[in-house]
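I'd like to walk you through one structure today, starting with a sheet and then moving on to some helix packing.

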Amino acid sequence: LLRRNRPLPALRRELGLLAARPRRLLAVGALLALLGFGLETQLGVQSDITRLVPRGMPALRELATLERVTGVSGEIDVVVHAGDVATPAAVAWMTAYERRVLSHFGYSVGQGCSRATVCPALSLPDLFQLGGGSGAALSATQLSTLLAAVPGYFEHAVITADRRYAALAFGIRLMPLSRQRRVLAYMRAQLRPPRGIEARLAGLPLLAADADAALASTTGRLLTLIAALAFVGVALALLLRSPRRALLALTPIALVTGWSGLALYLLGVTLNPMSATLGVLVIAVATEFSVLMCERVRREQADGWSFAGSLERAYRSTGAAILVSGASASLGFGVLVVSNITMLRQFGVVTLVDLVVSLIGVLALVPAALALTQPRPRISLREPAPVSRGPRVPAP
C-alpha cells in the first residue's frame, strides 16, 4: 500500500475532497473547535481521593482507621503574627475565632468530633484553658505566668520563643478537595484579625485544595490552552522565519485542540488532577504532526511537484510515518485504560482520546489549510496527481 510508485486512487480521492473546499471545511472545523473550547470548561474534575485509588489500598484503609479513631485525618493551621501574640487582645481574638469556626462546622464538647467537619487540635488558647482560665479574661501578667508554667514541648508547639508567632490547629476529615476548598474559604473569610495582628491559613490540606482549585478552574484551563497556542505560534514564527508558514501549521493545531475538548465532553469523560491539563498534550502532539506535514508538502513543491502531487507524496511517506507513530503512542497510553486505579484509568482515556483526535484531525486539516495558499484549483478528482517524474527534456 505504501510503495512509492504505486498509484493510490483512494488516497488521491480523499485528499482531493479535503482540499476541494478548504474554506468550508475549515469554517466547520472552527465552529466545532469553538464549541469544544466551551464544552471542555463544563467537564467535571474528580477530586475525591477515595474514588481515585483502589478501595482495598492499605494506605486508604489505615487512613480510614485513623479518622474513625481520632475523628480527623489531616490538620489545618492558622499562623498568627504580631509583636506579641500572648496579649489579652490577641488571645481573645484567637479564642473567639476558634469557637466560631468549630461551632459553624458542627463541633460540640458533648458530641465531640463524631459529626463535625472540623475539630479542635492543640492551639495557643487551649494552653490557657488547661491552666484553669479562658484566656480571654486573663491579664498580660497572668498569661505570661501560665506560659512559663506550661511544659516546653507544649509551649513550643503553639508559640515561638520570641512570642511573635502562634498557631491555631484544626483537625479536618477526609473529604473531596472541592468540599475542602469551601471549608477553607469559610475559615479564610472569618479571619479578620484586629489591627496589629496578621493571620493566614497554612498546612498541606490548604496546598492540596489550592492546587485543585487551579486545576478545576475553567478559566484557568482555557487560558492555559490559549497561552500554549500563542507560545507555539511565536516559536514557529521564529523557527520557520515566516509568520505565514507558522500560521498555516498553527491552524490545524488550534482546531484539533478544540475538537479534543468536544470529544471528551461527548464521551462523558471525567477529569482528575492528573488529566485536567492534558489539553496541552494535544497542542504538543498536533504541533509535531502539523509541522512535519506542512513542511514536507512545501519541500515537495519546492522540488517542482504540483500541489496535488506534493500532497500525495507527503501523505504516502511522512503521513504514513506519522500514522504509525501516532497509533503506537495511542496504543501505549491506551493500556492504562485497563488499570484498576481509577486515576490512571481516567488519565489513559483522556490521553487516548487526545492522541487519536490529534492524529486524525491534523491529517484531515493540513490539506485544507495548505490549499488556501494555492493560486488555482488544487486537486482534480478526474485527473490523477503525478506519482513519478521523468527527466526534463529541454525545449528545442
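Before I get to the strands, a quick word on terms: two strands count as paired if DSSP finds at least two bridges between them. And keep in mind that this is a predicted model.

So, the sheet. We've got 4 strands in an open sheet, ordered β2-β3-β1-β4, and the pairing is antiparallel. At the edges sit β2, residues 118-120, and β4, residues 197-202, each of them pairing on one side only. On average, neighbouring strands in this sheet are turned by 30° against each other, if you ignore direction.

Let's look at one pair in there. Strand β1, which covers residues 74-82, pairs with β4 in the antiparallel sense, over 6 bridges.

Okay, on to helices against helices. The way to describe two packed helices is by the angle between their axes and the distance between those axes.

Take α2, residues 22-40, and α15, residues 342-371. They pack at an angle of about 130°, and their axes are 8 Å apart. That angle makes α2 oblique to α15. The crossing of α2 past α15 is left-handed. Who's actually in the contact? From α2 you have Pro22, Leu25 and Leu26, and they meet Ala364, Leu365, Ala368, Ala369 and Ala371 of α15. Sorted by class, that contact has 8 nonpolar residues, with no polar and no charged ones.

The other pair is α11, residues 218-240, with α12, residues 243-267. Here the axes are also 8 Å apart, and the packing angle is about 155°. How do α11 and α12 run relative to each other, roughly parallel or roughly antiparallel? Angles over 145 degrees count as roughly antiparallel, so α11 and α12 are roughly antiparallel to each other. This time the crossing, α11 past α12, is right-handed.

For the contact, α11 brings in Leu225, Leu229, Val232, Gly233, Leu236, Ala237 and Leu240. On the α12 side you'll find Pro243, Arg245, Ala246, Ala249, Leu250, Ile253, Ala254 and Thr257. By class, the α11 and α12 contact comes to 12 nonpolar, 2 polar and 1 charged.

Terms used:
Residues numbered from 1 in each chain as written. Predicted model: local features only at pLDDT ≥ 70, side-chain atom pairs only at ≥ 80, totals over all residues. Heavy atoms only, no water. Helix = DSSP H or I, 4+ residues; strand = E, 2+ residues; numbered from the N terminus. Axes fitted to C-alpha atoms, helices over the stretch in contact; angles between N-to-C directions. Parallel < 35°, antiparallel > 145°, perpendicular 65-115°, else oblique. Left-handed = near helix turned anticlockwise from the far one by under 90°. Contact = heavy atoms within 4.5 Å. Nonpolar A, V, L, I, M, F, W, Y, C, P; charged D, E, K, R; others polar.
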